[in-house]
Each structure stands twice: as structure tokens, then as C-alpha cells.
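The following paragraphs are intended to be read alongside the sequence and the three-dimensional view.

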Amino acid sequence: MKRIAVLTSGGDAPGMNAAVRAVVRTAFENEIEVYGVMGGYQGLLESDFISMDLRTVSNIIQRGGTILHSARSEEFKTMEGTLKARDVLEKYGIENVVVIGGDGTLAGGNRLAGTGVSVVGIPATIDNDVGCSDLTIGYDTAMNTVMSMVDRLRDTTEAHKRCSVVEVMGRDAGYIALNSGIAVGAVSILIPEVEYDIQRDVVDRMNRTLHYGKNHFIIIVAEGAGDSEKISKRIKEATGIETRLTVLGHVQRGGSPTVNDRVLGSQFGHEAIQLIKKINDKSSYALGYINKKIVSYPLEEALKIKKPMDMELYKVANEISI
Ligand code: ATP
């Protein structure tokens, strides 16, 4: 019987559990034995395995986080660490590893692949910043969480005629900010991919909206777009409008996954096993969701794919938010 391992790594993302469940269930159907690795690559180094069967993944599809836990491992990033991980896999007779996480996790998988282990990577990060996939597990839930939080904030912002600056996740990527910003009717959206000028892109826009009778404002700032506290102060100084900063933080990671994230996770998990059935050498792949289809790329190629920001959407945001 073929034996594989599955792990979740990097920041947790709602829908990871759906992917783990689909891996285990599809593997069972295909008589493949699955070991779950607890705590990402660090758990792999420590041989922290659990044996998974149909029942270990019962009642998890609706849960956020990851039942396999996640971690960041500096040790794994070293050459000794990667080789140690390979030795552990060899010792346990594990032929393939499914790694579920963001671009760091996929890069880690590629390192492991370099030592002769067959790896299948599944893109999962709330940031959606994985080049080989239009969508990543967790992104849809995170956007919906931001939207519902800002909807609540809007009520009080409007009641007090304030400006609310909302910092959302996205150190290098503005996908959450742009999409949730449109969904909450933000006056201005600041993202790391686009250079901005506070006077032109925030203050002048607020003054224009004021002129047309609006007296409450939502400004969305991706965390990588600048110091949101300084941005808030500048807005207050330049407009005289009471401006409050809300940092949504880790609340954006949690919660029950949306339909889209449950389905995407299930599709990715299922496809990972279909691919593993076909692999009879030591090759490695990353899955992606492109034009509404699940696709696979050789892992090394997948890591080179860049995903440009949707500038058309950015333009839409600018034109409808006055
Ligand atoms: P997210 O961006 O959502 O937090 P991620 O998967 O990008 O997810 P990282 O912390 O970047 O999160 O990576 C997770 C783990 O993958 C790291 O702790 C490390 O063990 C491993 N890893 C990341 N980059 C590399 C690399 N270049 N080489 C080897 N291992 C890596």
C-alpha cells in the first residue's frame, strides 16, 4: 500500500480542513495510506505524525484553522533541516507529501523536492498571493470577514460623521484590500502594488465626496501599503474630520470557511490524490485554479509564475467610490 503524508504550513487559512479531508477521503478510496503531519515542516522534522482515516476528518469541513495545526520552521529552511525531513520521510516509507500553504510553503516543498521527495503543493493563504492560482484557499472567507466587520464599523462611522481607516491583511498583496474595499464602498483603497499620494488619493477624494454631500468615510489600507496610524493622523490633520484607525488583525484568519473555500479546498485535495496516483517517478507539482479549472504545474515552474494585480478592478474601485 502506498503511503503519503499531508501537512498544513504558514498562516492558517479557512478551508485548509476541507483540503485535508478531501486528501484523506480520496486516498482511502484509492487504497493509499495517509499520515497527517502535526505543525507543518517543524512537525515533519520531529516525526510528529498521526495516522489518518475516514473518521479523523469527520466534522471538520465547517471549521476554520487547521486540525493539523500550522507552524513556521526556520530549521526546515536550512539544508540540514531539509535533508533531515527527507530522512524522516524515508524512514517512515512515505512516498509523496501533500503540502498545503502559501508561497513560502510551496517554496519549502520545492526544497524538499530537490532532495528527491515527490511533493504536491496546494495553494492556501488568505492573501491570495500565489502566482500559479487565480484563487487560494482562505481568500474568499477572509474577504467576506473583512466585509462583514467593516459593515459593522460603517454604522458607527456614519452615526458620528467620522472617517474610519481600516487596516486589512496583505503585507505584499492588496487582493483582500481591493476586493473588500469595493464591497464596502470605500472612498479610497491603498495597496502595496500601486504608488499613492495621500493628498491626491485620499484627502482630495474625501473633499470631493464631502462636496457631494457625503459625511462619513471608509478608507481601506493593506498592511503593506504604509503605516496606517500615520495615514490616519495625516487624514485628520488635512481634513479636520475625526478619524479613527481600526486594525482588523488576526480576526481575518478565523471563522467558518465560505462555500467557495470549502469547494476549492475539496477540489484541490481530491486532485492532489489523482495526481499522486499518476506519479511513478519523484516528480513534484503545484495545483492551481485557473479560469475556473483545477490545473497542475511542475512545482519549480509554478513558483516562477507571477500574478499581476487586476488594474482594471483598481480602476473600477476608483471610479465608483466618489
Ligand atoms: P502565508 O503567506 O499565508 O503565511 P506561507 O506558506 O507563505 O503562508 P511562510 O511562513 O512564508 O508562509 O512559509 C511557511 C514555512 O515554509 C516556513 O516557516 C518555512 O519552514 C518554509 N519555507 C518558506 N520559505 C522557504 C524557502 N525558501 N525554503 C525552504 N522552506 C521555506
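A residue is called buried when its relative accessible area is under 20%. Y139, with a relative accessible area of 5%, is therefore buried. The model in which this value was computed is a predicted one.

Y139 also has an aromatic partner. A pair of aromatic rings is described by the distance of the centres and the angle of the planes. The ring centres of Y139 and Y175 are 6.5 Å apart and the planes stand at 80°, so this pair is edge-to-face, a term that applies to angles over 60 degrees. Because Y139 belongs to helix α6 (residues 139-159) and Y175 to helix α7 (residues 175-183), the pair ties together parts that lie 36 residues apart in sequence. Y175 has a relative accessible area of 10% and so is buried. The face of Y175 has a further neighbour: K307 lies over it, at 5.2 Å from the ring centre.

How many aromatic pairs does the structure hold? There are 5 aromatic pairs. Another of these joins Y35 and F49, whose ring centres are 5.7 Å apart; their planes meet at 50°, so the pair is classed as tilted. This pair links distant parts of the chain, with Y35 in strand β2 (residues 32-37) and F49 in strand β3 (residues 49-52), 14 residues apart. Y35 counts as buried because its relative accessibility is 14%. F49, at a relative accessible area of 16%, is likewise below the 20% limit and therefore buried.

The ligand is the next feature to examine. Which residues come nearest to the ligand? Of the 16 residues around the ligand, the nearest are R72, S73, G104, T105 and T125. Several contacts can be described at the level of atoms. In the side chain of R72, an N or O atom is 2.5 Å from an oxygen atom of the ligand. The side chain of D103 likewise places an N or O atom 2.9 Å from a ligand oxygen atom.

Notes:
Residues numbered from 1 in each chain as written. Predicted model: local features only at pLDDT ≥ 70, side-chain atom pairs only at ≥ 80, totals over all residues. Heavy atoms only, no water. Phe/Tyr/Trp six-rings, centres within 6.5 Å; stacked < 30°, edge-to-face > 60°. Helix = DSSP H or I, 4+ residues; strand = E, 2+ residues; numbered from the N terminus. Buried < 20%, exposed > 50% of the residue type's maximum accessible area, 1.4 Å probe, protein only. Lys NZ or Arg CZ within 6 Å of the ring centre and 35° of its normal. Near = heavy atom within 4 Å. Polar contact = N/O pair within 3.5 Å; in protein donor to acceptor, adjacent residues only side chain to side chain.
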